[in-house]
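Please work through the exercises below with the sequence and the structure at hand, and try each task before reading its solution.

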Amino acid sequence: MNRILLAAYPKKYRTRQGEEVLGCLAEAYPGRSWPPPREVVALLRGGVQAHARAACEDKSRPWWLEGFHLAALVLAALALVPYLQDVWDWALRIEPGGHVTGFDRVGWFPWTQGADTRTRLLPYGLLPLVCLVALLRGRAWIALPASLAMVCVGTGVAGSTLFGDEGVVGVGYYGLAAPLRAHDLILSGVLSLTCAVSAAYRPGGMRRRSYGWLVPLAGALFVAGALHITSGDPWFQRGLLVIEVAMLAAAWVLTAATGDYRWLVPVAAFTIVRAGAIVTQPLYLVGSLPAQAVLLCLVVPIPLLAITAQRRQSRTT
């Protein structure tokens, strides 16, 4: 079982020091196939830090380009969140019935029937899904038109026949019940900008991630679609908040381990999008934390990461 923990480390690390790590674990915990929980957490943290250092040692791509790539991935995933159930229903030709995603005049698929609804051909969530998969595979030239299409749909230029009305007037909820309307263009605009930068500078030089990264995406689609969990559900909101906090903490851990600024870029992009949603729609924070407290929590990580990276580089030099 110790070899499972060793899989958290990069391949070069496992080849060079894998047997040594396994020997140390066997000597420290004889007769145990699994170390104590505290040691498990330490090993996993070490694996994440080793991956971060390996990424920073690769100088084939500048750190800011990697930062824009990560920012585009984060924003594409954030844009997909409210439409997970909708995309799942469309892909499997499922009639949502009473579990339809709660957008105003959501529109139905050609094979469904509903009163006071407009037929649409594709779900709006298909655009951020294409963008996310393309970015995972390092295909920014595919992600860019998908993100620009989100802008067009949000402005109403594309009409409502193809993607229905939810892309224009629908509300997507992002943590703490702060809504972000597609026609505000804050998310799709920043996403298009990050995709454009990634596509313009060395289009073939983006990092290509394994198809294994699609497994969590498929799992999220299955959970949201099979359990009919929409983004307005309170448990969905709490879970998303936990994920957001965990990602901010992970960005700090990676920055502290490497002193690299690349993780500051996605945090800044995330802050812009989330803060914009809170500023434009403050009344939706009722029952949550005050808007000023949420904005403070969003802004603080940016200087914290910058200071952490600067101190780490100072100690290194």
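**Exercises on helix packing and burial**

This is a predicted model, in which local features need pLDDT of at least 70 and side-chain atom pairs count only at pLDDT 80 or more, while totals for chains, interfaces and linings use all residues. Residues are numbered from 1 along each chain as its sequence is written, and side-chain values use heavy atoms, with hydrogens and water left out.

**Exercise 1.** Describe how helix H7 passes H9.

*Solution.* Two packed helices are described by the angle between their axes and the distance between the axes. Helix H7 (residues 140–155) packs against helix H9 (residues 186–200) with the axes 8 Å apart and at an angle of about 155°. H7 is therefore roughly antiparallel to H9, a label used for angles over 145 degrees. Finally, the crossing of H7 past H9 is left-handed, which means that the near helix is turned anticlockwise from the far one by less than a right angle.

**Exercise 2.** Describe the packing of helix H4 and H6 in the manner of the previous solution.

*Solution.* The axes of helix H4 (residues 63–80) and H6 come within 8 Å of each other, and they cross at roughly 150°. This angle makes H4 roughly antiparallel to H6. As for handedness, H4 passes H6 in a left-handed crossing.

**Exercise 3.** Decide whether Pro123 counts as buried or exposed, and locate Pro123 in the chain.

*Solution.* Begin with the location: Pro123 belongs to the loop between helix H5 (84–91) and helix H6 (126–136). Next, recall the cut-offs, where buried means under 20% relative accessible area, exposed over 50%, and partly exposed in between (1.4 Å probe, protein chains only). Pro123 counts as buried because its relative accessibility is 0%. To complete the picture, Pro123 and Leu162 lie 39 residues apart along the chain, and their C-alpha atoms are separated by 8.3 Å.

**Exercise 4.** Which residues of H5 are buried, and which residue just after H5 takes a positive phi?

*Solution.* The buried residues of H5 are Leu84, Gln85, Asp86, Val87 and Asp89. Just after H5 comes Arg93, whose phi is positive, at about 55°.

**Exercise 5.** Find the helix that holds Ser314, and classify the accessibility of Ser314.

*Solution.* Ser314 is found in helix H14 (residues 301–316). Since its relative accessible area is 42%, Ser314 is partly exposed. Ser314 is also 55 residues from Gly259 in sequence, yet the two are 8.9 Å apart in space, C-alpha to C-alpha.

Methods
Axes are lines fitted to C-alpha atoms, for helices over the stretch in contact, and angles run from 0 to 180 degrees between N-to-C directions. Helices (H or I, at least four residues) and strands (E, at least two) are DSSP runs, numbered from the N terminus. Angles under 35 degrees count as roughly parallel, over 145 as roughly antiparallel, 65 to 115 as roughly perpendicular and the rest as oblique.
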